[in-house]
Amino acid sequence: MANKGFVISRLPGFNPIAGLVFAGLYLPILILVVYSFNAGRSVASWEGFSLQWYAVAWENDAVKDATIRSLYLAASAAVISTVLATLAALGTTRRKAFGGQTFIYVMINQPLMVPEIVSAVALLIFFAMIKQATGYAGMGYLIAAHSAFCIPFAYLPIRARLEGMDMTLETAAADLYASTWQAFRFVTLPLLLPGIFAGMMLAFVTSLDDVVITVFVKSAGQDTLPTYMLGQIRRQVTAEINAISTVLLALTVLLLTLFFVLTRKKDE
Amino acid sequence: MSPAEQAEVTRSARNGWLLSAPALVVLTLAAIGPLAIVGAYSFMPPGEFGNVAWGFSLEAWQGILFTKDIFDGTLAWADANLTIFWRSVKLSVLTTVFAFVVGFPTAWFIATRPPKARAMWLFLITIPFWTNLLIRTFAITEIIRKEGLLNTVLLNLHIIGQPLEMIYTDTAVFIGMTYVYLPLMVLPLFASLDRFDMRLLEAAYDLYANPWQVLRRVIMPIVKPGIIAGSILVFVPSLGAYVTPRLLGGGKNMMIGNFIELQFGQGRNWPLGASLSVTLLIIVTGALLVYVRYANRETRHGQ
């Protein structure tokens with residue numbers, strides 16, 4: 001080609017805009033992280049490197065409580081929703097289309113479609129009724145709510161994995177006189193495992209990040225890390241929140257990286 | 001079909017239902033069922049201390065648009081509510097449009113990278129997408145609040161003499177929502193552009209099209225499903241946004257989500273909160289139905 005600098009896919013102005021978008025997406029997060037190491041109290045001035053806000057957060061009992069509660073809740077919700085989603089994925093893939101299949105899809109994906117504030121209000125009303133009737137005010141409500149809205153996040157990667165799987169392996173197992181259970185246990189399940197872990201990780205991150213539904217469902221004294229932060233941000237801002245945010249951020253990036261490693265295997 | 005095959009199909013369908021049943025039960029109890037109760041609550045009178053009183057009443061539905069004069073019972077437009085609806089729709093539309101304007105070039109940029117680099121850029125979009133929305137909104141407040149980074153820098157450089165009032169404005173909510181929902185626009189746009197056949201560009205340029213014509217007449221019509229998917233994915237959560245307007249809009253610049261919460265808190269008008277929730281749900285479902293219909297039509301034409 002005569003003009004070597006000509007790239008067919010280049011559109012004028014597109015690359016600079018993309019550059020600005022990436023900068024715009026990361027700059028605020030970067031500032032947040034950097035100022036979590038600030039010796040001073042706010043972003044108004046940089047007063048030198050210090051880990052004091054991490055120490056403050058670490059020694060804060062409210063933060064410790066909220067962290068333990070968040071992890072407990074996210075782990076419970078991730079396990080429950082992943083088990084349910086795995087069963088549902090096995091039920092809705094790799095078989096002849098059956099009556100009501102679309103209905104099942106819609107049901108499973110419903111939490112992705114309904115605005116969170118509406119779900120939150122609905123759960124508030126419903127759980128208020130149960131609370132009044134039974135007197136129970138424990139973590140069960142939060143675990144139930146989180147398990148439900150995590151199901152689609154666990155379901156999607158598991159289903160994707162199942163659909164990409166080679167069915168002939170199970171047929172081969174059946175030909176070799178494996179029972180249905182043996183074929184599942186020794187062939188399907190090991191192959192499905194990366195999808196299950198990927199789904200569980202997304203469910204865990206989704207539960208860990210939730211603010212709206214948790215704020216409405218939680219009883220007094222059931223703050224999770226995000227709801228604790230929401231309360232703090234509205235009162236007064238200290239770099240302690242930056243420190244907590246940075247830790248949560250690091251955890252999310254770690255889990256996502258794992259997720260990508262697990263799901264990429266398929267393409268090879 | 002032979003009876004044996006018929007039995008096999010029936011068995012397969014039954015197993016499908018049985019395996020899905022546990023998930024459906026949990027979803028019914030902790031996600032879908034409660035929505036029905038919200039619907040019922042919207043037709044009841046409010047209780048004195050929150051909750052509802054038993055009975056039937058259309059007041060909550062009337063209350064969405066009208067206020068009743070406490071003395072003579074005449075109806076008047078509820079200006080405060082209308083302002084909130086207008087702000088919600090305006091900010092959601094602005095957010096969607098702006099997210100598209102900057103998101104499309106970003107998705108195009110990613111889609112035109114070499115495969116290895118593409119995965120890396122895509123990952124860079126995915127990280128903010130999965131990062132806690134509260135943290136991302138908080139990052140914005142740190143920059144634009146009164147004692148925030150931007151004001152501090154501008155004051156120190158003597159560009160401004162007074163801190164700018166950027167936070168607790170509609171603009172702040174708009175900036176925040178664009179920031180938090182932008183990845184939701186880029187990801188489906190990328191999914192569409194990724195499958196785009198670059199040879200079409202050669203054909204268009206050979207026929208003397210200019211870049212703008214290529215964009216408008218070749219690229220955009222083909223990736224329209226991605227544009228619609230991205231727009232809905234941004235518009236729907238924007239309309240129901242709660243955290244971002246609460247932190248960046250403050251108490252005065254409420255959106256529907258905050259208005260609903262108010263009814264369950266200080267407002268103590270649960271039925272009105274319920275009728276507002278149902279309204280929001282209907283709008284969102286409408287938008288999704290339009291999308292599903294459109295997407296189906298597209299695939300039919302494509303085949």
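**Before you start**

Residues are numbered from 1 along each chain as its sequence is written, while chains are lettered from A and ligands numbered from 1 in the order in which they are written. Because the model is predicted, local features need pLDDT of at least 70 and side-chain atom pairs count only at pLDDT 80 or more, whereas totals for chains, interfaces and linings use all residues.

**Stop 1: chain B as a whole**

Of the 303 residues of chain B, 41% count as buried. A residue is buried if 20 or more other C-beta atoms lie within 10 Å of its own, exposed if 12 or fewer, and partly exposed in between, with C-beta atoms placed from the backbone.

**Stop 2: where the chains meet**

Now show both chains. How many residues of chain B are in contact with chain A? There are 71, and they meet 71 residues of chain A; two residues are in contact if their C-beta atoms, placed from the backbone, lie within 7 Å. Colour helix α1 (residues 3-41) of chain B, which supplies the largest share of the side touching chain A, 23 residues. By class, this side of chain B has 52 nonpolar, 16 polar and three charged residues. Ala, Val, Leu, Ile, Met, Phe, Trp, Tyr, Cys and Pro count as nonpolar, Asp, Glu, Lys and Arg as charged, and the others, Gly among them, as polar.

**Stop 3: the largest nonpolar core**

Select A:Val121, A:Leu123, A:Ala145, A:Ile151 and A:Ala154, the residues with the most contacts inside the largest nonpolar core, which has 147 residues. Such a core is a set of buried Ala, Val, Leu, Ile, Met, Phe, Trp, Tyr and Cys residues joined through C-beta atoms within 7 Å. Helix α7 (residues 170-194) of chain B gives the most to this core, with 16 residues. Domain 1 (10-50) and domain 2 (60-267) of chain A both contribute residues, so the core lies between them. Those domain bounds come from an automatic or database domain assignment.

Zoom in on A:Val121. Leaving aside neighbours within four places in sequence, A:Val121 is in contact with A:Phe216 and with B:Val38, B:Ile260, B:Phe264, B:Gly273 and B:Ser277.

**Stop 4: the two domains of chain A**

Colour domain 1 and domain 2 of chain A separately. Their centres, taken over C-alpha atoms, are separated by 30 Å. Seven residues of domain 1 are in contact with eight residues of domain 2, and the domain 1 side divides into three nonpolar, three polar and one charged.

Then pick A:Ile196, in helix α8 (residues 180-209) of chain A. Is A:Ile196 buried or exposed? It counts as buried, with 20 C-beta neighbours inside 10 Å. Not counting residues up to four places away in sequence, A:Ile196 touches A:Thr82, A:Thr86 and A:Ile158.

**Stop 5**

Select helix α10 (residues 224-239) of chain B, which reaches 22 Å from its first C-alpha to its last. Of its 16 residues, 12 are buried, so α10(B) is largely enclosed by the rest of the structure. Among the buried ones are B:Gly226, B:Phe235 and B:Pro237.

Move on to helix α5 (residues 133-144) of chain B. This helix is mostly covered, with 12 of its 12 residues buried, including B:Arg136 and B:Glu142.

**Stop 6: two tyrosines**

Finish with backbone angles. Most residues other than glycine have a negative phi. Find B:Tyr168 in the loop between α6 (149-156) and α7 of chain B; its phi is near 60°, a positive value. B:Tyr168 is partly exposed, with 19 other C-beta atoms within 10 Å.

Next, go to B:Tyr208 in the loop between α8 (199-206) and α9 (211-222) of chain B. B:Tyr208 has a positive phi of about 65° and is exposed, with 7 other C-beta atoms within 10 Å.

Notes:
Helix = DSSP H or I, 4+ residues; strand = E, 2+ residues; numbered from the N terminus. Expected span 1.5 Å × (residues − 1).
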